[in-house]
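Subject: Model handover

Hello,

Here is the model for you to take over. My notes on it follow below.

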Amino acid sequence: MTELLDDPRFDHVVLVNNQRQHSLWPASVATPQGWVPAYGPASRGDCLDYVRQHWADIRPANVPDTRCDHRSPGTGGRLER
Amino acid sequence: MTDTTPPTDDLSPAERERLLAALRQRAATANGDGIPARGTDAPALASITQQRLWLMDKLRPGLATYNETAAWRLGGEVDVAVLRDALGEIVRRHESLRTTFADSPDGPLQVIGEPQPVRLDVTDLTDLAEDRREAKAHASIVAQARQPFDLADGPLLRVALLRLTEREHILVLIAHHIITDGWSTDLFRRELVELYAAFSAGEPSPLAEPTTQYADFADWQRRRIGEAGLDPQLDYWRRQLAGAPALLELPVAASRPDVTTHDGARELVVVPDELGRAVAELAQRHGATSFMVLLSALQVLLHRYTGEEDIPVGTALAGREHPELERLIGFFANTVVLRSRCGPQTTFLDVLAQAREAVISAQDNQDVPFESVVDALQAERSPSFNPLFQTMLVLENAPVAQQDESAGLGITPDEVDIGVAKYDLVLQLRTDGDTFSGFWEYSTDLYSADDIRRLSVHFLTLLEAAVAYPGRPIAELALLPDDERRTLVLDWNATDAPLPAGHGIHQLIEAQAERTPDAPAVVVGGREVSYAELNRRANRLARWLRQFGIGPGKLVGVALRPSADALTAILATLKAGAAYLPLDPAYGERRLQAMVVDAAPAAVLTDGDTSERLPDLAAGKVVLERIHGEVSQEDDHELGLAVTEDDPAYVIFTSGSTGRPNGVPVSHRNLVASTAARWIRYDAQPQRYLLLSSLSFDSSVAGIYWTLTTGGAVLIPPTAQTAEIPELRRVIAEDRPTHLLAVPSLYELILEEADRAELDSLNSVILAGEPLYPDLVDRHRERVPDAGLFNEYGPTEATVWSTVHRCGPTSGAGQVPIGKPIANVGVYLLDRTGQPVPIGVPGELHIGGAGVTRGYLGKPELTAERFVPNPFGAGRLYRSGDLARYLPDGSIQLLGRIDDQVKVRGYRIEPGEVEVALREHPAVESAAVGVAEDATRHRRLIANVVLRDSGASSTELHEFVQDRVPHFAGPSLIEIVEELPRLPNGKLDRAGLVVPTTGDGSGGAEPAGLAAVLAEIWRSTLGLGSVGVDDNFFEVGGDSLSIVKVYNQFKPVAGAEITITDLIKHPTIRQVTEFLGAR
């Protein structure tokens, strides 16, 4: 997908799979099985903006929600010895 | 034979009308001031077209490339005396058949000989058995056809008769192309039939005497060009071909020799009848010709193979626009270039429309000889390839059968392959309207029979798709037949293998500790830590970490050099359910800080020494010595914590193309699969694995988990980080590793320094992380013949490794293959629109399967760009950014980074390959190659070179590298520098190279001595004001004719023997004088 995916002259779409993973895809190429269009066709930049706004957490959706994000503070505060 | 039949017979009515109108107009012009007889017996200059062949013969005497051969089967009895008379009459009628060529200061002259009886040798094969007869006849034809002609002495026509039986003969005609062409051959045959019939019956020649001869045409052509009569046509070609690529080469080609041998072979091609009819129908529907449809398909084929958008293809036109020329034997055929643009969204009909326009315009402007077009465009000339185009399409109309000519000779032409190739690749077809068959004629310098067989299948597959779906984008047209596609996509990725399910990677190590508690797990400087001890220490530290909330979803920085403590810290982090983030203490502050800010570890584990050298990070530091007391109080039994397979095990930062590092979280699922693939792929599991890399590189991952899940010991050099060779030698000699993994450049040093006996413990050597070249493989096989050598490939984003190649004896140049996909991994080489590329054709390497990670930490857009849907199966593909191709056995060969490819003067160049060539020089320590633009936006390849102590001049390096890379890949300018420019991440900065300055800013210094003499000859011949020693002759206006003039003037004063080929191979004055100086 070198050229088409990297080429801002052509329209793109944002595809999403059942794990909420988002991917950029050339608008002119058929949507692969297991993916659905979420945004576009639109410019490459707009598609990337959409991804930034709608997919902040890249963890696959099947990772249990009970897992805290590693950025949240631990019970013991800042650990330093 | 070169085609000279105009490919216009299958024009639509509208097109034919347009063409006929043009022809009528031209005929009117011709009748108005037709081609006059010269009215003199003085020798005429050769035609421009002849001059080109004469020059080529001067450049490369003794080749059979332009020996046009016809073999005609004659049915019935043959009267040899009558045949000889008929042949003699044809030679008498056509002066061209009696012409030879003499040199003159103005160029080659045509010298017309007196009519003489034709020598007709008869070879009698009637005594041989029938099967031997055909073989012998063929061998005899080829042997005669390969005999070179002497253009100065002649004769340039040879005729021979092979008698197979009393009633079956083969008449062989061999003529130099300079006096004939395809149309001429056809005419020759028709005249022969008529004359033979007449002479057999005792009648005189029924043929009208020609009113014009070839020399008249040549004279007229020369004057017409001189009088600017062709300027409008020449302007057309200037516009049409401006900026066309100098060289369009199929990527499957072998390394192109500096001088072509013109050795060739043929591969038959038959377009299936139904497809042929579809081609004719498509043409008719769109007001085009079958030739135009075939041309479009060939251009799309070249586009799909090369990825180039600008596709020039040559063809031959008859060049007989004047009626009086239609009845003449001679070299009239003219070559024209048909150029189309093929973008990713161009449809086949778009290409067909361009082809149609190009063909019609070419016919309107075909009076300009190809040679004049080349000169006008100052197209690059090289003894290595044809200027302006390298691939040709020829479509001939099948000759009307002659059998009905009852009076004597029934002639059936045979195809004769005499093993030459005029161009890189020619597709030559014959048609009777809607069937097409013929052959590919290809240069065996470049292509193998297998290459062309595959290409031919791809051509037919593409043609079929194109006529079925002409309105679709060409990117979507199938190139691969179903079976080949299945092989590439499915068979070569059939890597499914069972995985240990439901485990975190640390649980596999715990299980190993239970199996072999007393075996050494880590060995540092002779001190061993057993599996049981490592496991106990890690359990204690894990429990200590847990009390601070460190568990699943958390990240722990590990800022430690490889050591038993470091492995304990890693294992403890995993046991606690967290992931580790290696922070190499040797990294600069900014880099470490950026990683910590991005990844936000809950804490950073370090030791006293390292802690002092670490900058103040945005995360708490935990110095292991300080907590030793507390940790030793913890319970050392297993924690028994569950992790899910999707929890990260580690986060490793990659450099990233922008220089900003990106964190890649790798899950337990990824890591277990990556580790299990080692158990499967390698016969020998590591008993003693030498860890040579920092924990920040995932090559450390390879060894640690492979070894600790199979019961081996991880050997850690006490000073591993600095990788000092004497220290490494000592470790290897004392600790006796069975396995090691290194970058090729480090392994090269080890091989150089270590004694053979020191290395004999090695069972498997794994190289990864840098391109591997055959010389290192050879050295390994010589020094450590009993150890297997493996070339691994894989990005961090796909978990350590994706393919591996077991290195056997090397062959050929270029990088050593990276082999085939490992267990549960799929590799796809895809073109720019995501279609699998054929064997041998470069595509971007995409990785799917168990190793594909979730993406980049905190970078959803970058993740969405680099991790794309997998059209061939489940999950996503990681786009590696690496360019690679399949070898015929399914192994993959890397070709470089896509971003690194540069184009200079239309040539695609891989700077890495040129750098490798430079580094082969003993005085060169390192080298970087890039592109610089001068003030006139002229792109040149430049090199920066760091030397070892021993010196070398840039001129010496220039010559050295020129011998090792294709001529167009030699850097124009080489600058010696103290150190190479680097990006902040340590990678080479090709955009920051020092641009060497030249003497006067244009073409180098003012010449002196012999150089001054040659410069004066250049000036007078080319009409130049000033000449620099580094000016390229062909770039300052020189051409094929002027180089002959320069040669004739320079030869007597050169002071040494020099040929015209030498001048072409050394196109600058500096190169000529250095060449002469070296003799």
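A residue counts as buried here if 20 or more other C-beta atoms lie within 10 Å of its own. Keep that cut-off in mind for helix 28 of chain B, where A1011(B), L1014(B), A1015(B), W1018(B) and T1021(B) are buried. Seen down the helix axis, these buried residues fall within an arc of 130°, so they line one face of helix 28 of chain B. Please note that this is a predicted model.

More on that helix. Helix 28 of chain B covers residues 1010-1022, which makes 13 residues. From first C-alpha to last it reaches 18 Å, close to the 18 Å expected at 1.5 Å a residue. G1023(B) follows the helix, and its phi is positive, near 65°.

The two chains

Chain A has 81 residues, and 33% of them are buried. Its secondary structure consists of two helices and three strands. Read from the N terminus, the order is α-β-β-β-α. Take the contacts in chain A between residues at least 6 apart in sequence: 46% of them join residues at least 24 apart.

Chain B has 1079 residues, of which 50% count as buried. It contains 31 helices and 39 strands. Along the principal axes, its C-alpha atoms fill a box of roughly 125 × 70 × 55 Å. For contacts in chain B between residues at least 6 apart in sequence, the share that joins residues at least 24 apart is 71%.

The interface

The cores

In soluble globular proteins, nonpolar side chains tend to be buried together. The largest nonpolar core here has 301 residues. Which of them touch the most other members? They are V556(B), V558(B) and V714(B). Helix 9 (residues 290-306) of chain B gives the most to this core, with 11 residues.

V556(B) is worth a look on screen. Setting aside neighbours within four places in sequence, V556(B) is in contact with L545(B), I550(B), T573(B), A578(B) and Y580(B), among others. The list also includes L581(B), P601(B), A602(B), A603(B) and L605(B).

There is a second, separate core of 21 residues. Among its members are A917(B), L941(B), V965(B) and L988(B).

A sheet in chain B

Three strands of chain B form an open sheet in the order 1-4-3, and the pairing is antiparallel. The edge strands are strand 1 (44-45) and strand 3 (99-102) of chain B, each of which pairs on one side only. Strand 1 of chain B is joined to strand 4 (residues 109-112) of chain B by two bridges. Within strand 4 of chain B, L109(B) stands opposite L45(B).

Backbone points to check

- In chain A, the bond from G40(A) to P41(A) is cis, with omega near 0°. P41(A) is found in strand 3 (residues 36-42) of chain A.
- In chain B, a cis bond joins G154(B) and P155(B), with omega about -10°. P155(B) sits in the loop between helix 4 (130-145) and strand 6 (157-165) of chain B.

- H262(B) has a phi of about 60° and is not a glycine. H262(B) lies in the loop between helix 7 (231-241) and strand 8 (264-271) of chain B.
- L388(B) has a phi of about 70° and is not a glycine. L388(B) lies in the loop between helix 11 (370-377) and strand 11 (391-397) of chain B.

Are these residues buried or partly exposed? H262(B) has 19 other C-beta atoms within 10 Å, so it counts as partly exposed. L388(B) has 25 C-beta neighbours inside 10 Å, so it counts as buried.

Over to you.

Best wishes

Definitions and conventions:
Residues are numbered from 1 along each chain as its sequence is written. Chains are lettered from A and ligands numbered from 1 in the order in which they are written. This is a predicted model: local features need pLDDT of at least 70, side-chain atom pairs count only at pLDDT 80 or more; totals for chains, interfaces and linings use all residues. A nonpolar core is a set of buried Ala, Val, Leu, Ile, Met, Phe, Trp, Tyr and Cys residues joined through C-beta atoms within 7 Å. A residue is buried if 20 or more other C-beta atoms lie within 10 Å of its own, exposed if 12 or fewer, and partly exposed in between; C-beta atoms are placed from the backbone. Helices (H or I, at least four residues) and strands (E, at least two) are DSSP runs, numbered from the N terminus. Two residues are in contact if their C-beta atoms, placed from the backbone, lie within 7 Å. Two strands pair if DSSP finds at least two bridges between them. The expected span of a helix is 1.5 Å times one less than its number of residues. The arc is that of the directions from the helix axis to the C-beta atoms.
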